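Subject: Structure for your review

Hello,

Here is the structure I said I would pass on. Please look through the sequence and the coordinates, then read the notes below them.

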Amino acid sequence: MQDFRPLKKDELEDCILTKEPSLSYFTRSWKKFKKNGPALCACAFLLLLFIMALIGPLFSPYTYYDIHLPLKNSPPNSQFWFGTDELGRDIFCRIWWGARISLTVGILASLIDMCVGVCYGAFVAFKGGLLEEILMRVADIAHSIPYLLIVILLTVLIGSGIHTILIALTVTGWIPMARIVRGQVLQIKQMDYMTAARALGASSKRLMFYHLIPNCLASIVTTVTFTIPSAIFAESFLSFLGLGIQSPVASWGTMASDGLPALTYFPWRLLFPAIFISLTMLSFNLIGDGLRDAFDPKLK
């Protein structure tokens, strides 16, 4: 008995086991994402970009199409913060109008790709068999068609513009999403809880929308964040070639195309649209990397 003694109050508190609160999968993923510094910086930049795309033109007394020929090719100054182009148009105002177009095209194209790709990939994987093989081979054939060829054909048929770019990007843009969802569904539907749900009499609709697709959400969100910068670059590239947005409408691609011949003497005309294209794509890619790491259960 001499080897035992009553614990003091401070010693007793140290011995009490504290149970950590149970966290959901998405809560743990969010906590992990918040520790990713580059991803948070990218989120801050994109938030600022969205705000400036909405209110940025209000800071300029000019519009994106106002022409001031006596002030053409002016360097950045107190009147024109980003300088002017060959027609004397305010590049600062045109940058934010171009941000509206690029972000609209990128987000709309990615949402359409997500909706079509998720439904298509989940359906073919759930059905399986010969139907799956036929539908996936059809998707492979469609994916082999270059989107540049589709853009040219659509431009001839319906003209150029945002609607042409959106159609061209989404005709085959949903196929990568469908492949990813198909692979996830093929893996999930073999798990024990899916077998138990079938044994309990769950309908195909319930299996699809309550078990399969929700458990693919992490892969879907990560893929969407990588689809947006691809769509933004595609819009800028097509506008740069003259197949997308046409002047006088402001687009980062058209601004880069107009500024390229004047790179030697008036570099700011190409510098600002190129910087915003690069930073926007980099931000979305950093967020995609952060989400992929946060949702990966193998990483601690």
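Contact here means heavy atoms within 4.5 Å. The model is predicted, so please read every value below as computed from a prediction.

Helix packing

Two packed helices are described by the angle between their axes and the distance between the axes.

On the α3 side the contact is made by L49, F50, M52, A53 and L54. On the α4 side it is made by F92, W96, A99, R100, L103 and I107. Sorted by class, the residues in this contact are ten nonpolar, no polar and one charged.

From α4 the contact takes in Y120, F123, V124, A125 and K127. From α5 it takes in G129, L131, E132, L135, M136 and A139. By class this contact has eight nonpolar, one polar and two charged residues.

Beyond residues up to four places away in sequence, G117 touches W174, M177, A178 and V181. The C-alpha atoms of G117 and I180 are separated by 8.7 Å, and these two residues are 63 residues apart along the chain.

V181 turns up again among the contacts of C216, along with Q184, V185 and I188; residues up to four places away in sequence are left out of that list. C216 is in the loop between α10 (204-215) and α11 (217-241). With a relative accessible area of 1%, C216 is buried. C216 and R292 are 76 residues apart along the chain, and their C-alpha atoms are separated by 13 Å.

Helix α11

Which residues does F226 contact, leaving aside its neighbours within four places in sequence? They are N285, G288, D289 and R292. F226 is in helix α11 and is partly exposed, with a relative accessible area of 26%. L286 is 60 residues from F226 along the chain, with a C-alpha separation of 9.2 Å.

S236 is in helix α11 as well. Its relative accessibility is 5%, and S236 therefore counts as buried, the cut-off being under 20%. Setting aside residues up to four places away in sequence, S236 touches S102, W252, G253 and I277.

Cysteines

A disulfide is a covalent bond between the sulfur atoms of two cysteines. How many disulfides does the model contain? The count comes to zero, taking a disulfide as a pair of cysteine sulfur atoms within 2.5 Å. C43 is in no disulfide, and the nearest cysteine sulfur, that of C41, is 9.2 Å away. At 29% relative accessibility, C43 counts as partly exposed. For C119 the closest cysteine sulfur is in C115, at 6.7 Å, which is too far for a bond.

A backbone point

Most residues other than glycine have a negative phi. N73 is not a glycine, yet its phi is positive, at about 55 degrees. N73 is in the loop between α3 and α4. At 16% relative accessibility, N73 counts as buried.

Regards

Definitions and conventions. Residues numbered from 1 in each chain as written. Predicted model: local features only at pLDDT ≥ 70, side-chain atom pairs only at ≥ 80, totals over all residues. Heavy atoms only, no water. Helix = DSSP H or I, 4+ residues; strand = E, 2+ residues; numbered from the N terminus. Buried < 20%, exposed > 50% of the residue type's maximum accessible area, 1.4 Å probe, protein only. Nonpolar A, V, L, I, M, F, W, Y, C, P; charged D, E, K, R; others polar.
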